[in-house]
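Dear colleague,

Please find the structure below, handed over for your records.

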Amino acid sequence: MAIEASEFARDNDRFDEFHEEVFRSFFAHGRDIGDIDVLTEVAEGVGLDSNRLKKELGGKKYAERLELVRIETIKDGVTAAPTFIIEGSEHIVGAQPLDVFRQALSRH
């Protein structure tokens, strides 16, 4: 639900602010970002219409959008999150040491 709400924020030019506050809510305050009340509170805090957010989350628009993205990522060989794609071909999957990224970047 938080990802769908983030897409709502993107459509309303508040993605960066919303994204930051959702992360803060979860990681700093331990809040349940799958809870509609938490998401609407965050939305209001960044200037989004919380009533419209609730209505939009009740529909299928964002769920369908995310499913299309999921299908595309599978086509690109992404099987886990996070996955970092370098130059469209090399994949680094999961949390890896900095040296793994340095080595991959030096090859490109």
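**Pocket and helix packing**

The largest pocket of this predicted model has a volume of about 510 Å³, a volume being the space filled by probe spheres set on grid points joined across faces, edges and corners. A pocket is an open set of points on a 1 Å grid over the protein atoms alone, where a 1.4 Å probe fits, with protein on both sides within 12 Å along at least five of seven lines; lining residues have an atom within 4 Å of a point.

The lining comprises 18 residues, and Ile3, Glu7, Leu66, Val69 and Ala81 lie nearest the centre of the pocket. Helices H1 (2-11), H2 (15-28) and H5 (61-75) each supply at least two lining residues; helices are DSSP runs (H or I, at least four residues), numbered from the N terminus.

The axes of H1 and H2 come within 8 Å and cross at roughly 155°; axes are lines fitted to C-alpha atoms over the stretch in contact, with angles from 0 to 180 degrees between N-to-C directions. H1 is therefore roughly antiparallel to H2 (over 145 degrees). Their contact (heavy atoms within 4.5 Å) is made by Ala2, Ala5, Ser6, Ala9 and Arg10 of H1 and Phe15, Phe18 and Val22 of H2.

Residues are numbered from 1 along each chain as its sequence is written. In this predicted model, local features need pLDDT of at least 70, side-chain atom pairs count only at pLDDT 80 or more, and totals for chains, interfaces and linings use all residues, while side-chain values use heavy atoms, leaving out hydrogens and water.

Yours sincerely

Notes: Parallel < 35°, antiparallel > 145°, perpendicular 65-115°, else oblique.
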